[in-house]
Amino acid sequence: MKYKFKPLGNLHFNITRLASVISIIVDISGLIAFFNEKVFDIQIFVACLIISLLPILTFIIVRLVYPYYYVIDDIYITKYKNEKVLFKIEIKELKAILIKKATFLDYYKFIISLITYYNLSTAYLTTSSFVFSKYEILTDYNHKEIKILPLNNTLYPNCFEYVDIIPYCEIIRVAKLINAKVHMV
């Protein structure tokens, strides 16, 4: 078994969704201009087409060049940044996966904090936490841009915790794949 995925999919998708709403507003204004002029203007059409495709193309490019990814095989859970290993544990050392699920409104609170740079943390995002007793590699890569807040680890007091921004569906898929206990916090 070898499973590979990238974190932050939910954040990239929600920012793309917000940009798509903005492009729809531009498209509607382009249609209003078209019906008021009663003449097809190719420049307005091309501008609306570019603005409509820009969020989707940006999402695709960001997901392709995003350097962080996880690889899960029969023995290890490993997180890479390009080719450098940031996090590596044996699956048998994993005690549980803790999940803090954010609401739809929380994502947009995060986007507002992203714009204003006020309280830019994982408090408004769906995060997961790998709880484990021993590790082989654990690099502290706490982003300078986004403050990664630890989840409550009162269930497993003598264990380590690795928090990351992973979509809810993805972490559930991973938990089923490795037969891990999942706790919502």
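Guide: Two strands pair if DSSP finds at least two bridges between them. This is a predicted model, and in it four bridges join E1 to E2.

Visitor: Which way do E1 and E2 run, parallel or antiparallel?

Guide: E1 and E2 run antiparallel. One of the bridges links Tyr3 to Ile72 in E2.

Visitor: What is the strand order in the sheet that holds E1 and E2?

Guide: The order is E1-E2-E3-E4-E7, five strands in an open sheet with antiparallel pairing.

Visitor: Which strands are at its edges?

Guide: Strand E1, residues 2-5, and strand E7, residues 137-138, are the edge strands. Each of them pairs on one side only.

Visitor: How many bridges are there between E2 and E3?

Guide: Strand E2 (residues 68-73) and strand E3 (residues 76-81) pair over five bridges, in the antiparallel sense. Val71 has Thr78 in E3 as its bridge partner, and Tyr70 has Lys79.

Visitor: What joins E2 to E3?

Guide: A hairpin does, through two residues.

Visitor: Is E2 mostly covered or mostly open?

Guide: Mostly covered: five of the six residues in E2 are buried.

Visitor: Which helix lies across E1, E2 and E3?

Guide: Helix H4, residues 168-178, lies across E1, E2 and E3. H4 runs at about 165 degrees to E1.

Visitor: What other strands does H4 lie across?

Guide: H4 also lies across strand E5 (94-100), E6 and E9, and runs at about 160 degrees to E5.

Visitor: What sheet are E5, E6 and E9 in, and what is the strand order?

Guide: They belong to an open sheet of four strands in the order E8-E6-E5-E9, with mixed pairing. Strand E8 (160-164) and strand E9 (182-184) each have a single partner strand, so one side of each has no neighbour in the sheet. From one strand to the next, the twist averages 25 degrees.

Visitor: How many bridges pair E6 with E8?

Guide: Five bridges pair strand E6 (residues 127-132) with E8, in the antiparallel sense.

Visitor: New topic, the helices. Where does Ser23 lie?

Guide: Ser23 lies in helix H1, residues 9-37.

Visitor: Why does Ser23 count as buried?

Guide: Its relative accessibility is 5%, and buried means under 20% relative accessible area, so Ser23 counts as buried.

Visitor: What is Ser23 in contact with?

Guide: Leaving aside neighbours within four places in sequence, Ser23 is in contact with Ile51, Ser52 and Pro55.

Visitor: And His12, buried or exposed?

Guide: His12, also in helix H1, is buried, with a relative accessible area of 13%. With neighbours within four places in sequence left aside, His12 is in contact with Phe59, Val62, Arg63 and Tyr66.

Visitor: Where does Ile42 lie?

Guide: Ile42 lies in helix H2, which covers residues 42-65. The relative accessible area of Ile42 is 47%.

Visitor: Which residues form the nonpolar patch on the surface?

Guide: Ile42 is one of them, and the others are Phe45, Val46, Leu49, Ile50, Leu53, Ile56, Leu57, Ile60, Ile61, Leu64 and Val65. Together the patch residues have about 1100 Å² of accessible area.

Methods: Residues are numbered from 1 along each chain as its sequence is written. This is a predicted model: local features need pLDDT of at least 70, side-chain atom pairs count only at pLDDT 80 or more; totals for chains, interfaces and linings use all residues. Side-chain values use heavy atoms; hydrogens and water are left out. Contact means heavy atoms within 4.5 Å. Axes are lines fitted to C-alpha atoms, for helices over the stretch in contact, and angles run from 0 to 180 degrees between N-to-C directions. Patches are made of residues with over 30% relative accessible area and no salt bridge: like charges are joined within 9 Å, nonpolar side chains (Val, Leu, Ile, Met, Phe, Trp, Tyr) within 5 Å. Accessible areas come from the Shrake-Rupley method with a 1.4 Å probe; for residues, only the protein chains shown count as cover. A salt bridge is a side-chain nitrogen of Lys or Arg within 4 Å of a carboxyl oxygen of Asp or Glu. Buried means under 20% relative accessible area, exposed over 50%, partly exposed in between (1.4 Å probe, protein chains only).
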